[in-house]
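Take a slow look at the fold shown here before reading on. The paragraphs below lead you through it, one part at a time.

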Amino acid sequence: MLECTSWIGGSFNTGETHMNTPILFLDIDGVLNSHKKLASGYCGIDRHNAEVLNKILYIVPDVKLVISSAWRYMILRKDMTLKGFEYLLQIHGIDCNNRLHGCTSADSGMAHKLSHFDIAKWTELGLQWRVKQILEYIYEHKIERFVVVDDLPLIMQNFVHIDSKEGLT
């Protein structure tokens, strides 16, 4: 299980006034599921992985979530609001009422040319984009305490790599 106490006191010093609320940058595919597609062709959220995230949310009651997953496009494209996305997560068993802080920015201009199901290409480009987007969010919001949970092998501070075959355990 993700060790919560290891990042609570960690800081990312930007030299400015900080937001002291801990932030968990959350990927969904490969973290809250194992990339197993449903009949619709999309991945849902695994109940066990949701329960593990709920334990983290319980242990760290003031943590806020920032969606760094491709699922954030539902918000970025305005298919739903941040609050609507929160309801979606709650329907999938995540106890996140009033816990969503935001989502990271969109991928590079060429992202729209990629197939959603081209996992190899998304992994290659995602490594470049995801770290940049998270760091931009940290700087923009002056975040001091954070952890990044993702199945992509990101190279950055306070990163927890999740095995995409099992998800969050």
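Predicted model: local features only at pLDDT ≥ 70, side-chain atom pairs only at ≥ 80, totals over all residues.

A polar contact is a pair of N or O atoms within 3.5 Å; within protein, one must be able to donate a hydrogen and the other to accept it, and residues adjacent in sequence count only if both atoms are side-chain atoms. Residues are numbered from 1 along each chain as its sequence is written, and side-chain values use heavy atoms, with hydrogens and water left out.

Start with N33. It lies in the loop between β1 and α2. Helices (H or I, at least four residues) and strands (E, at least two) are DSSP runs, numbered from the N terminus. Is N33 buried or exposed? N33 has a relative accessible area of 3%, so it is buried. Buried means under 20% relative accessible area, exposed means over 50%, and partly exposed is in between (1.4 Å probe, protein chains only). The side chain of N33 reaches the backbone oxygen of G44 at 2.7 Å. A polar atom of that side chain also lies 3.0 Å from the backbone nitrogen of G30. Leaving out residues up to four places away in sequence, N33 touches I28, C43, G44, I45, D46, N49, W71, S164 and G167. Here a contact means heavy atoms within 4.5 Å.

Now step back to the whole chain. The protein chain has 5 helices and 5 strands. From the N terminus on, the order is α-β-α-β-α-α-β-α-β-β. Of its 169 residues, 47% count as buried. Take the contacts with a separation of 6 or more: residues 24 or more positions apart account for 68% of them. The accessible surface comes to about 8,800 Å², and 55% of that belongs to carbon and sulfur atoms. Such areas come from the Shrake-Rupley method with a 1.4 Å probe; for residues, only the protein chains shown count as cover.

Next, find β1 (23-26). Both of its faces are covered: I23 and F25 are buried on one side, L24 and L26 on the other. β1 pairs with β2 in the parallel sense over 4 bridges. Two strands pair if DSSP finds at least two bridges between them. In this pairing, L26 stands opposite I67 in β2.

What gathers in the interior? In soluble globular proteins, nonpolar side chains tend to be buried together. A nonpolar core is a set of buried Ala, Val, Leu, Ile, Met, Phe, Trp, Tyr and Cys residues joined through side-chain atoms within 4.5 Å. The largest one here has 28 residues, and those with the most contacts inside it are L24, L26, L32, F85, L89, I94 and L168. β1, α2 (47-59), β2, α4, β3 and β4 each give two or more residues to this core. The largest share, 5 residues, comes from α2. I94 touches L32, I45, A50, L53, N54, L57 and L89, not counting residues up to four places away in sequence.

A second, separate core has 14 residues, including I23, I134, I138 and L154. Look at L154, in the loop between β4 and β5. L154 has 5% relative accessibility, so it counts as buried. Beyond residues up to four places away in sequence, L154 touches L127, R130, V131, I134, V148 and F159. The C-alpha atoms of L154 and V131 are separated by 6.7 Å, though the two are 23 residues apart along the chain. The loop between β4 and β5 also holds N158. Phi of N158 is near 60°, a positive value in a residue other than glycine.

Finish with α4. In this helix (residues 82-91), F85, E86, L88 and L89 are buried. Seen down the axis of α4, these buried residues fall within an arc of 155°, so they line one face of the helix. (The arc is that of the directions from the helix axis to the C-beta atoms.) They pack against β2 (64-67), α3 (73-76) and β3 (100-103).

T81 sits in the loop between α3 and α4, and at 51% relative accessibility it counts as exposed. A polar atom of the T81 side chain lies 2.9 Å from the backbone nitrogen of G84. G93 follows α4, and its phi is positive, near 95°.
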